[in-house]
Amino acid sequence: MAAYARSQLLRKKTRSKYEEKGNDFALALREMIREKDYSIFYSYQIDAVLHTQRHLLIDVDAETSCDTQNGRRSECDPVLIVAPTGSGKSGMIVLLPYVLQSRKVLILTPSVVISKQLAKAFGIFKHEESFFQVTGFCNKNKTAVNADSSQDDEDEDEEDLENILETGIILKDPSEITSRLPNLVIVNAQKFGGKSKLSLQYNKKEVVGDVEAFFRQFDTLIVDEAHHYPAKTWVTIVDEFQKPAKGMQKRIIFITATPYRSIAGGKHIPILKNQHHRIAYEITAKDVEGKTVRRLAFDERTNIENLANDIEELLNDNARREPRITKHQAIVLVPRQDEADRIATELNDAMNSSTFAVSIVSNTKKEDKEKRIKDFGDGRYQVAVNCMLLNEGYDNNSVSVCVILRNVGSRILFEQFIGRAMRMKKFGEGEQPDQSVATILSYKEFKQRKLWTERNKLAKKDPVDEEGLYDDDDE
């Protein structure tokens, strides 16, 4: 039974949790499929990680085999999971190291925000925030297997999570690469590029040597938002990771909603060579919209002078559709940072309020920027006006309206941005799902209808250089 498999992997064991728990995890997931039990994980999340396992491991039967060293592929080519924004990519990333029975995992992200969100999903900050606790994985096991237990629920939850979760860190300080690292490391790609202290290109030879030794520790690399991969820093990191390491078979998994890159002439090519052979699993927008993410609607208007009233109207529409969300919110995308400040001020003036809108841009002092993001997430402001910072990986399911006030030419940027409004708010078991509509507001002068009507195609290269926009503040 799936419940029994879950009970086995919650028992305390030693060594790498990913290696030790891998067979039990794969068994539990396969049992969920057999029993059509999707009360914990979405069916496509389970399918994605198991298909990825089959791409990367040869002749591994998770139900009977304990020796996976003989089953791992010798090749190190990346495989790809294509998953729309809001489809639960974080959950897939959390599950992958277990199903792949990884020894040591490095997760590459494009931003500090995404790094922190993944760290939260892995339970690095607090165990009770982890994906397994939030989804009810441990509670489901307790109900099914230990329903008559008299132990205190909170203590039992913490013990279960302690047995299942690996320790991990977000790599921040350059000195950390030479220290004894845990089995899970999350890092912003820009740590190893440009003029950063850990750059593989511009630093002193001895520093580069330390960085190369750092990459040799890991057998699994998961690249989140992998459409950034064609950028020079990302290619350098993957190339470095692919170098042989004694006694280690390496695996690389790319995850993105948009696995293409722009080239000259408005053309677009896959991010990987022979990409159609490297796709382990693909989830389409039709698979998830209206089911696990919100339905989408595009609203193009003519008079931008009515911006404040238009935003308020759409937020009120969603408040009527879904009153269980305390405060529906909106994110506005503008082309330049100075415009973000100006438009936030104009919105506040129009609404006669100092807390209707806030600008969130990269040139703000780090402490102030983090406070503004937190205040918006906590609901102090109803609208966030930003230039690139909140476009990908920002999770706030109170956001149900996205406003585009620029000519976005990039299909990738368009998809990532509208995804901010697509995440459904989860309510109690048995309750009606979120009825909000992810509404995309723009104006004719910005010419966004073409991207909306041709969502299955890629548009021209975006005028803003997307590489380097997600640098950490200390680099």
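This is a predicted model: local features need pLDDT of at least 70, side-chain atom pairs count only at pLDDT 80 or more; totals for chains, interfaces and linings use all residues.
## Strand 4: burial

Strand 4 runs over residues 184-188 and is mostly covered. Five of its five residues are buried.

In a regular strand, side chains alternate between the two faces of the sheet. In strand 4, both faces are covered. L184, I186 and N188 lie on one side. V185 and V187 lie on the other. Each of these residues is buried.

## Strand 4: pairing

Strand 4 pairs with strand 2 (residues 105-109) in the parallel sense, over five bridges. Here T109 has N188 of strand 4 as its bridge partner.

Strand 4 also pairs with strand 3 (residues 168-170). That pairing is parallel too and runs over three bridges. I170 has I186 of strand 4 as its bridge partner.

## Cysteines

How many disulfides are there? The count is zero, with a pair of cysteine sulfur atoms within 2.5 Å as the criterion.

C387 is buried, at a relative accessible area of 11%. C402 is buried as well, at 0% relative accessibility. Both fall under the 20% cut-off, so both count as buried.

## Helix 3

Helix 3 spans residues 43-56, a run of 14 residues. At 1.5 Å a residue, the helix should span 20 Å. Its end C-alpha atoms are 20 Å apart, so the two values agree.

Which residues of helix 3 are buried? They are Y44, Q45, I46, A48, V49, L50, T52, Q53 and L56.

Key:
Residues are numbered from 1 along each chain as its sequence is written. Side-chain values use heavy atoms; hydrogens and water are left out. Buried means under 20% relative accessible area, exposed over 50%, partly exposed in between (1.4 Å probe, protein chains only). Helices (H or I, at least four residues) and strands (E, at least two) are DSSP runs, numbered from the N terminus. Two strands pair if DSSP finds at least two bridges between them. The expected span of a helix is 1.5 Å times one less than its number of residues.
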